[in-house]
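Take a walk through this model. We go from charges over rings to ring pairs, then to a sheet and a loop.

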Amino acid sequence: MASPVRATAVILILLVEQIFLFSNVYSERGIESLIDGFRPPSVPLIVVDPYFSVWSNADNLYDDWPRHWSGSVAAFSGMIMIDGKPYRFMGKSTDLAGNVMKQADITVYPFQTIYMFQQDGVQMSVRFTTPSFPGDPFLGPYPVTFITYEVSTIDGVKHSVEIYYDNTGEIAVSDVSEKIVWSREKPSSPGYVMMRIGTEAQDYLGQGSDRINWGYFYVVVEDDGSVNTTMGYSTTVRSAFMQGKGFPQDDRSLPRPCSDNWPVLAVKWNLGVVEHGSVVSKRITLGYDQVYSIRYFGTAMPPYWTSMNMTTHMLTYATVLYDSFRANCDQLDDLFVKDLTSKGGPYYATIAALAWRQTVGATIQVYNNLTGGQWMFMKEISSDGDINTVDVIYPSSPLFFFNTGVTALWSILEPILVYANNETDKYGLDVSYNHAWAPHHLGHWPVADLSSNRQENMPVEESANMLIMICGISNSLHKLVDFLEPYWSVLKIWADYIVVSLPDPGNQLCTDDFEGPSPHNVNLAAKGIVGLAAYASLLRNANKSDEAVHYETLNKQFVEYWLKNAEDGDHYRLQYDKPDSWSLKYNLMYQKAFGFDLFPDSVFDMEEKYYLSKMNEYGVPLDNRADFTKTDWEMWVAAMGNDTMFDAITKAVYKFANETPDRVPFSDWYYTSTGKVRGFRARPVIGGLYAKMLM
């Protein structure tokens with residue numbers, strides 16, 4: 001068998017092959033329309049990773065401050081001067097312009113959010129572009145978002161225009177009382193201006209709150225003669241712009257608390273006179289250097305891009321390559337929306353587009369300085385804050401199986417396998433994992449250091465999840481299994497554990513643990529069955545057919561038991577021992593996606609009809625115990641169903657996203673009768689909306 005190093009090289013070659021094939025396809029596409037007038041519950045602005053994650057929870061960009069996904073303010077502001085009169089278009093504060101440039105439209109694509117504003121004969125688009133290409137070793141690691149301003153006249157008259165941007169230090173602190181510092185940095189190429197802001201303390205990986213307080217936030221602009229920059233008191237700098245005055249000199253009274261007169265990094269552009277028929281464009285690069293992103297069992301791992309570039313070079317390079325990033329994002333938005341619409345219609349495309357950056361933005365790509373390769377980590381955002389929670393990765397996995405993301409998925413799973421295989425000693429902490437089932441997670445973000453006795457055990461759940469995802473990766477890579485060489489013994493342990501746990505998993509936790517215990521869970525048993533089929537498929541990919549037959553034979557017995565004991569007239573039960581109960585059998589989705597011959601079509605047909613009979617205004621409940629549902633799971637069952645069921649559930653989820661009164665990033669846990677959020681926000685599980693793309 002090939003070595004793991006060679007296997008990694010093969011995976012990379014296959015990825016590059018997919019990227020080039022992909023490029024040849026998307027260059028010929030034309031943009032498809034999303035649903036006009038869609039009001040996202042929260043709008044992704046700067047969504048790069050769990051720390052560098054900024055959203056607008058308001059109808060209009062000027063109705064409130066932008067906020068971190070957690071809800072705390074991350075102040076970014078924007079103003080425009082039209083013929084000497086200032087207007088506000090981003091942020092809300094007494095020291096910003098009182099009048100607003102009226103927002104006319106907003107569209108959320110997978111990689112970009114585009115606002116349109118109009119005022120006094122001037123139109124301006126404000127475009128937030130984030131190159132969130134998971135697993136792409138060339139474009140994916142850049143921790144940047146570009147803001148592009150494009151200004152034109154719409155009344156046939158020329159207008160004098162200036163644009164203003166600033167940010168406070170809130171993006172770089174976990175508490176606004178923390179002291180911050182700011183400075184100008186030297187770009188790696190002439191013709192650019194670079195500023196940064198961050199805490200004085202710089203306690204790398206020193207605390208586990210949802211907000212980072214180490215590393216530095218950067219602003220980069222082209223020094224094209226129209227730009228002016230400063231660093232200083234927010235009120236002083238903003239007032240200077242609104243009064244048409246020059247910027248004050250950089251304030252040097254530092255360090256001081258972030259909230260002490262709110263120091264800002266500020267930029268203004270004088271566009272001069274914008275003539276009728278012309279479009280004047282300006283842009284800014286926003287980036288974050290975390291310095292260290294994750295501590296994995298003793299080893300502090302930096303962002304992946306640091307293996308290739310110094311900070312100033314990376315940010316300068318990204319700015320220089322703006323046109324390439326923008327073209328890629330334009331073309332991918334075009335392709336994705338067209339494919340999503342073709343597969344599921346415009347309502348589906350609209351909510352799936354909203355899900356992309358939320359899912360990818362819950363991950364970070366790091367450099368493993370022991371192997372010289374890339375790893376990825378996913379945060380269980382807004383629930384436990386855990387690292388690489390297997391039953392959070394699993395519902396997000398359809399997004400990674402869509403197009404070229406399987407290498408990213410492997411980069412997320414590999415750190416779990418290294419831990420389960422008892423190889424953490426080489427990273428500094430010799431932690432013995434001694435369970436016969438797959439881990440639940442690795443630790444609390446940003447430190448992976450969890451011992452076996454602190455695991456939240458979900459034995460069948462996590463073991464099957466891992467086997468299913470690994471099978472999908474192998475199948476997506478032309479049945480490649482070389483990369484599994486170090487881990488076959490662990491996979492067998494997990495498969496054998498599932499065998500002894502079936503056909504009835506007994507009193508085990510499953511991923512829906514927020515509902516309480518559910519012993520003899522029929523849906524969990526189905527997951528175990530699909531997980532065993534996945535393991536048998538891996539064995540066949542490895543030319544181990546005799547071993548595969550063993551598990552396939554056992555699985556047939558488990559399916560027979562399931563069909564006999566779960567049947568409850570016109571549907572299948574929530575628990576084997578509870579008649580008149582029901583649940584969404586979302587765990588059957590990968591049977592259809594992978595083409596396994598397990599449960600007969602009659603199971604899917606009967607469940608479809610029953611789900612439709614339980615539909616409420618905003619969706620179908622998770623099971624008979626409560627009115628609430630999980631967005632990811634109901635979209636999994638929608639993907640398995642006929643067109644009638646898919647359309648019904650998809651439109652209900654769209655209606656929830658469009659009408660919920662709870663303005664938080666796309667929730668995956670809400671009430672189907674009222675559309676109110678029950679809990680959870682911004683979680684990567686929303687990538688489960690891409691299940692339809694696997695059918």
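A charge sits over a ring if NZ of Lys or CZ of Arg is within 6 Å of the ring centre and within 35 degrees of the ring normal. Arg 196 meets this rule: it lies over the face of Tyr 216, at 3.7 Å from the ring centre. Lys 692 lies over the face of Phe 646, at 4.4 Å from the ring centre.

A word on the source. This is a predicted model, where local features need pLDDT of at least 70, side-chain atom pairs count only at pLDDT 80 or more, and totals for chains, interfaces and linings use all residues. Residues are numbered from 1 along each chain as its sequence is written, and side-chain values use heavy atoms, with hydrogens and water left out.

Now the ring pairs. Rings of Phe, Tyr and Trp (its six-membered ring) pair if their centres lie within 6.5 Å; planes under 30 degrees apart count as stacked, over 60 as edge-to-face and the rest as tilted. The count by this rule is 64 aromatic pairs. One of them joins Trp 633 to Trp 636, edge-to-face, at 4.9 Å centre to centre with 85° between the planes. Both residues sit in helix H14 (residues 631-640), three residues apart, so about one helical turn separates them. Helices here are DSSP runs of H or I with at least four residues, strands are runs of E with at least two, and both are numbered from the N terminus. Trp 633 and Trp 636 are each buried, meaning under 20% relative accessible area; exposed is over 50%, and partly exposed lies in between (1.4 Å probe, protein chains only). Ring pairs also tie these two into a cluster with Tyr 394, Phe 401, Tyr 586, Tyr 590, Phe 594 and Phe 596.

Next, a sheet. Two strands pair if DSSP finds at least two bridges between them. Five strands form an open, antiparallel sheet in the order S5-S4-S10-S16-S14. Strand S5 (85-90) and strand S14 (227-233) are the edges, each pairing on one side only. Within the sheet, S10 (residues 159-168) and S16 (residues 263-274) pair antiparallel over 10 bridges. Ser 160 stands opposite Val 273 in S16.

Last, a loop. Asp 449 is found between strand S23 (447-448) and helix H8 (459-476). Is Asp 449 buried, exposed or partly exposed? Asp 449 is partly exposed, because its relative accessible area is 32%. Leaving aside neighbours within four places in sequence, Asp 449 is in contact (heavy atoms within 4.5 Å) with Phe 297, Leu 429, Leu 442, Gly 443 and Arg 454.
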